[in-house]
Amino acid sequence: MNRKIALITGANKGIGLEMARQLGQENITVLVGARDLAKGKEAVKTLRGEGIDARPIEIDVTKGESIRKAAKDVEREFGRLDILINNAGVLLDDQKRKVSEQPLETWRRTFDTNFFGLIETTQTFLPLLKKSDAGRIVNLSSILGSITLHSDPGSPIYDFKAASYNVSKSAVNAYTVQLAYELKGTNVKVNAAHPGWVKTDLGGEGAQMEVTDGAKTGVALATIGEDGPNGAYIHEGKPLPW
Ligand SMILES: NC(=O)c1ccc[n+]([C@@H]2O[C@H](COP(=O)([O-])OP(=O)(O)OC[C@H]3O[C@@H](n4cnc5c(N)ncnc54)[C@H](OP(=O)(O)O)[C@@H]3O)[C@@H](O)[C@H]2O)c1
């Protein structure tokens, strides 16, 4: 009964699945969020085979009804939530187009998942996180959300202008700071994580990091203690410039 309960959106593959694995290895019950329940069940089968207490949960972060149903299910089953990892994300920019030429449709679809989906999921689950002794929210951001680094011609990301994705992650960072203000002095903390450039479908084959390492920043922020940060933007334990 005392096991912590974690929900990870988009956990059927990639960094989300690996964070589920690593949290499960810490004896946390993991709710494997997937917009396609069949994929969620498949991932859970793998995790359970490794001795992890994983359960599938259908959640499409662009659909309010789906988020609310998931929250009702979690409330009925557990009465609270200890960890929410807003991991679901998309990178839809056509890299061959200039910033000014990304279609508005791309901006809208990107923001629907990466930003508005994250906000609606957070708002819907916050009452359950407040019922935890130590609620933790981790927003999967990216170094590509750093406005400081995007403005610096000497930075390694300077030339990577996937505009709608990058700006959606800057918005995630800004939201994290706003929400952290509201949560200070409560049992709930919220932080933004940059996982690294990780070999996943989204990160691509050129990525430098294995998924095992890419999951570590998110897992660390999901399990911080009372003395941990609130409203920070972190990669491997160190703050990134906003
Ligand atoms: N990989 C990197 O190098 C990197 C770097 C910085 C930040 N990140 C961030 O890390 C997070 C995870 O990325 P990843 O590399 O693991 O990507 P990934 O392998 O492409 O996985 C993305 C996950 O998000 C899910 N998803 C997409 N839209 C969704 C929606 N509307 N509702 C629910 N789930 C949805 C996908 O589900 P389906 O399987 O159904 O598509 C999938 O499970 C993202 O937020 C990403 O921006 C990644």
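## The ligand and its surroundings

The largest pocket is the space that the ligand takes up. Keep in mind as you look around that this is a predicted model.

Let's start with the neighbours. The shell around the ligand is made of 30 residues, and the closest are Arg 35, Asn 87, Tyr 165, Val 198 and Thr 200.

| Residue | Atom of the residue | Atom of the ligand | Distance |
|---|---|---|---|
| Gly 10 | polar backbone atom | oxygen | 3.1 Å |
| Ile 15 | backbone N or O | oxygen | 2.8 Å |
| Asp 60 | side-chain N or O | nitrogen | 3.0 Å |

So how much of the ligand does the protein cover? On its own, the ligand has 900 Å² of accessible area, and the protein covers 94% of that.

Now for the charged pairs of the protein. Across the whole structure, a search finds 17 salt bridges. One to look up joins the side chains of Arg 76 and Asp 73, with 2.8 Å from N to O. Both Arg 76 and Asp 73 belong to helix 3 (residues 64–78), where they sit three residues apart, about one turn of the helix.

How values were computed:
Residues numbered from 1 in each chain as written. Predicted model: local features only at pLDDT ≥ 70, side-chain atom pairs only at ≥ 80, totals over all residues. Heavy atoms only, no water. Near = heavy atom within 4 Å. Polar contact = N/O pair within 3.5 Å; in protein donor to acceptor, adjacent residues only side chain to side chain. Areas by Shrake-Rupley, 256 points an atom, 1.4 Å probe, with all protein chains shown as cover. 1 Å grid on protein atoms, 1.4 Å probe; cavity = no way out; pocket = protein on both sides within 12 Å on 5 of 7 lines; lining within 4 Å. Sits in = over half its atoms within 2 Å of the grid points. Salt bridge = Lys/Arg side-chain N within 4 Å of Asp/Glu carboxyl O. Helix = DSSP H or I, 4+ residues; strand = E, 2+ residues; numbered from the N terminus.
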